[in-house]
Structure formats: C-alpha cells, structure tokens
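Colleague: Could you open the model for me, so that we can go through a few side chains together?
Modeller: Of course, here it is.
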Amino acid sequence: KIKKNNNKGYYLDSSKIIESKSKLLSDAEIDYLLNNPDFGYSWDELYNWYPASPGLYSTSRAGFNQDSTLAMICFGFNQPVYARHSVYYLKKELEKWLLIGSAGIQTE
C-alpha cells in the first residue's frame, strides 16, 4: 500500500536557515504582499519590505518511487516578469543521490 502525504503543506522554520540572508515567507505573507488590491496586485510592496530580494524561490517536497530509489523535486524562481521552474530527477546509488535528468520551463 502506498502512503499518500501530499494532501497538505509542510513548512520549514526560518530559524533553521543557518548563515543565510534568506527569509522563509508563509503563503499568507506572500498572498498579502502580491495578491492584495491595496497594493495594486504588484510586486512593489514585496520589494518595499525586502528591498534586497532578487525574487521568490520555491521548492517542493521530494516525491519518491515505491522503493525510494528514484526521486523528483521541483525548484522555482519568480520575479515580476520572469519565472523559471525546473524538475530534477534523482537516482539513489551506493547511498548517494545522483542527478539523472532535469526538465525546465521559463516564462516571461
């Protein structure tokens, strides 16, 4: 029987990011900053709050095959007029994960 855990999000804690200038934003904070009619649905308020930000990065949880020897994970980067998301395919060999392929999309 396959266990299905992808029906809800699991969030990291910003305190777990060591020696990084990155900040984890909640869905609610992103929604407030980007999807707010008071700010004209623009990125301006995000850059007012975080002026040094290059944009928003995202990552998915890893998805595994039934015997946990293959995995895939998605990384994304968004800016106001640019977005790129990539899916990475990995294979576990000799207790190490090796990149075996990737696919990406870019939008403007």
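Colleague: Which residues does leucine 33 touch, not counting residues up to four places away in sequence?
Modeller: Leucine 33 touches Phe39, Ser42, Glu45, Leu46, Trp49 and Tyr50, where contact means heavy atoms within 4.5 Å. This is a predicted model, in which local features need pLDDT of at least 70 and side-chain atom pairs count only at pLDDT 80 or more, while totals for chains, interfaces and linings use all residues. Residues are numbered from 1 along each chain as its sequence is written, and side-chain values use heavy atoms, with hydrogens and water left out.
Colleague: And which residues of helix α1 are buried?
Modeller: In α1, which spans residues 27-34, they are Glu29, Leu33 and Leu34, with buried meaning under 20% relative accessible area, exposed over 50% and partly exposed in between (1.4 Å probe, protein chains only). Helices (H or I, at least four residues) and strands (E, at least two) are DSSP runs, numbered from the N terminus.
Colleague: What covers them?
Modeller: The cover over the buried residues of α1 includes α2 (44-49) and β1 (56-59).
Colleague: Switching topic, which aromatic cluster is Phe39 in?
Modeller: Phe39 forms one aromatic cluster with Tyr32, Trp49 and Tyr50; rings of Phe, Tyr and Trp (its six-membered ring) pair if their centres lie within 6.5 Å, and planes under 30 degrees apart count as stacked, over 60 as edge-to-face and the rest as tilted.
Colleague: Why does phenylalanine 39 count as partly exposed?
Modeller: Phenylalanine 39 counts as partly exposed because its relative accessibility is 22%, and tyrosine 32 is also partly exposed because its value is 40%.
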